Amino acid sequence: EAGQYAASTLVVHIPSTVPIGSYQFSIVASDSSLSVTAPIPLYIGDFHLSTAASVPSVLPHGTASFSVSVTGLDNFSQQVDLSCTGLPSGGSCQISQQEVFASSSPVPVPFIIQVGDLPVGAYPFDIVGVSGPVTHTVKAEVFVGEFTYTVSPTSVTVQSGASANVNVGVHSVQQLAGFVNLGCNATFPIGCTFNPGTVQVA
């Protein structure tokens, strides 16, 4: 009867072997006397993950800052769920936005790694993105570092009223970078000063 409305749901099945790209696709509605064709753009898309670290090495109980970017390929704009796996007990991952929609331009998502009481060392982990049946993983690594020092000479003999120079070297372990403040404790009236009082290790 004229003016009536009917609806149907179309499910498009895409084999996993089909490469990403654009494809010709049409819907055809017909009866015994009439046929109507409606072309619809069909895109087989995907997404890509990439990561970068702004502070990859920290002291024990510190926090390392990272960023993961989600980029849609071939018009892919679906939701991607993000998570971290692979950190040992004592370390944890906190992603600022666990659900993000992909775009043709990279969508950066900051996250932090809390290293807790992990000992000095390198700790690889995975950032996982899931959208429907598609899963992608990007690898990253956090370093728990420290600094050590050397003193030369290890002992000094000084006449009353005189002074002596002692060389102190500060060394980075596991890519730790930053500034170290130097100081000393001496029994009054003995005094000591560092020049410079702050050094940078890298």
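This is a predicted model: local features need pLDDT of at least 70, side-chain atom pairs count only at pLDDT 80 or more; totals for chains, interfaces and linings use all residues.
Reader: Which residue does Lys 139 form the salt bridge with?
Author: Its partner is Asp 126, and the closest N and O atoms are 3.2 Å apart. The pair links distant parts of the chain, with Lys 139 in strand S13 (residues 134-144) and Asp 126 in strand S12 (residues 121-131), 13 residues apart.

Reader: Is Lys 139 buried or exposed?
Author: Lys 139 is exposed, with a relative accessible area of 65%. For these labels, buried is under 20% relative accessible area, exposed is over 50%, and partly exposed is in between, using a 1.4 Å probe and protein chains only.

Reader: Switching to the fold, how many helices and strands are there?
Author: The protein has zero helices and 17 strands. Both are DSSP runs numbered from the N terminus: helices are H or I with at least four residues, strands are E with at least two.

Reader: And what radius of gyration does the protein have?
Author: The protein has 30 Å, while a compact globule of 202 residues would have a value near 17 Å. That radius is taken over C-alpha atoms, and the globule rule is 2.2 Å times the number of residues to the power 0.38. Along the principal axes, the C-alpha atoms fill a box of roughly 115 × 30 × 30 Å. Buried residues make up 23% of the 202 residues.

Reader: OK, disulfides next. What is the count?
Author: The count is two disulfides, each being a pair of cysteine sulfur atoms within 2.5 Å. With the bonded cysteines numbered in sequence order, the pairing is 1-2, 3-4.

Reader: How far apart are the sulfur atoms of Cys 84 and Cys 93?
Author: Those sulfur atoms are 2.2 Å apart. Cys 84 is partly exposed at 21% relative accessibility, and Cys 93 is partly exposed as well, at 25%.

Reader: And why is the disulfide of Cys 184 and Cys 192 right-handed?
Author: The torsion about its S-S bond is about 105°, so the disulfide is right-handed. Its sulfur atoms lie 1.5 Å apart. Cys 184 is partly exposed at 36%, and so is Cys 192 at 40%.

Reader: Nice. What about the largest pocket, how much space lies in it?
Author: About 790 Å³ of space lies in the largest pocket. Of its 22 lining residues, the closest to the centre are Ala 164, Asn 165, Val 166, Cys 192 and Thr 193. A pocket, on a 1 Å grid over the protein atoms alone, is an open set of points where a 1.4 Å probe fits, with protein on both sides within 12 Å along at least five of seven lines; lining residues have an atom within 4 Å of a point. Grid points are joined across faces, edges and corners, and the volume is the space filled by probe spheres set on the points.

Reader: Which classes make up the lining of the largest pocket?
Author: The lining has 14 nonpolar, eight polar and no charged residues. Ala, Val, Leu, Ile, Met, Phe, Trp, Tyr, Cys and Pro count as nonpolar, Asp, Glu, Lys and Arg as charged, and the others, Gly among them, as polar.

How values were computed. Residues are numbered from 1 along each chain as its sequence is written. Side-chain values use heavy atoms; hydrogens and water are left out. A salt bridge is a side-chain nitrogen of Lys or Arg within 4 Å of a carboxyl oxygen of Asp or Glu.
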